[in-house]
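Let's take a friendly walk through this structure, one part at a time. Have a look at it first, and then we will begin with a pair of strands.

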Amino acid sequence: MIIFTKHAKEKFGVLARHGFKVEVQDVLDTVNTPNKLDLSRLPLLIAQRQIDNKHVLRVVYKRQREVKKIITFYPGRDKKY
């Protein structure tokens, strides 16, 4: 089961206003099948997935038993990560 915090739900609109549209399915795909999983900020996990030829989507979440709680997500340039 995957749930979104209020902040994460609002992030879709924030990014769209900045010209970077992210769909719910993009976030779910990133968490479920990441290209990379960053464990450096445990207990937070950062899943990363390529979304186009220049950008990755990074999703910050926390596992709480069988629930993955999406805290936030953001695009980044793939060269940086």
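Two strands count as paired if DSSP finds at least two bridges between them. The strands themselves are DSSP runs of type E with at least two residues, while helices are runs of H or I with at least four, and both are numbered from the N terminus. Within this pair, Arg58 stands opposite Tyr74 in strand 5. The hairpin of strand 4 and strand 5 has two residues between the strands, and Arg65 takes a positive phi near 60° there.

Before going on, please note that this is a predicted model, in which local features need pLDDT of at least 70, side-chain atom pairs count only at pLDDT 80 or more, and totals for chains, interfaces and linings use all residues. Residues are numbered from 1 along each chain as its sequence is written, and side-chain values use heavy atoms, leaving out hydrogens and water.

Now turn to the other partner of strand 4. Strand 3 (residues 44-50) runs antiparallel to strand 4, and seven bridges join them. Here Arg49 has Leu57 of strand 4 as its bridge partner. A hairpin of four residues leads from strand 3 to strand 4.

How much of strand 4 is buried? Seven of the ten residues in strand 4 (residues 55-64) are buried, so the strand is largely enclosed by the rest of the structure. Buried here means under 20% relative accessible area, exposed means over 50%, and partly exposed lies in between (1.4 Å probe, protein chains only). Across the protein chain, buried residues make up 35% of the 81 residues.

Next, find Thr5, in the loop between strand 1 (2-4) and helix 1 (6-17). Thr5 is buried, with a relative accessible area of 18%. Apart from neighbours within four places in sequence, Thr5 is in contact (heavy atoms within 4.5 Å) with Lys69, Ile70 and Ile71.

Finally, step back to the whole protein chain. It has two helices and five strands, and from the N terminus on they run β-α-α-β-β-β-β. The radius of gyration, taken over C-alpha atoms, is 12 Å, close to the 12 Å that the globule rule gives for 81 residues, so the chain is as compact as a globular protein of that length. That rule is 2.2 Å times the number of residues to the power 0.38. Along its principal axes, the C-alpha trace spans about 35 × 25 × 20 Å.
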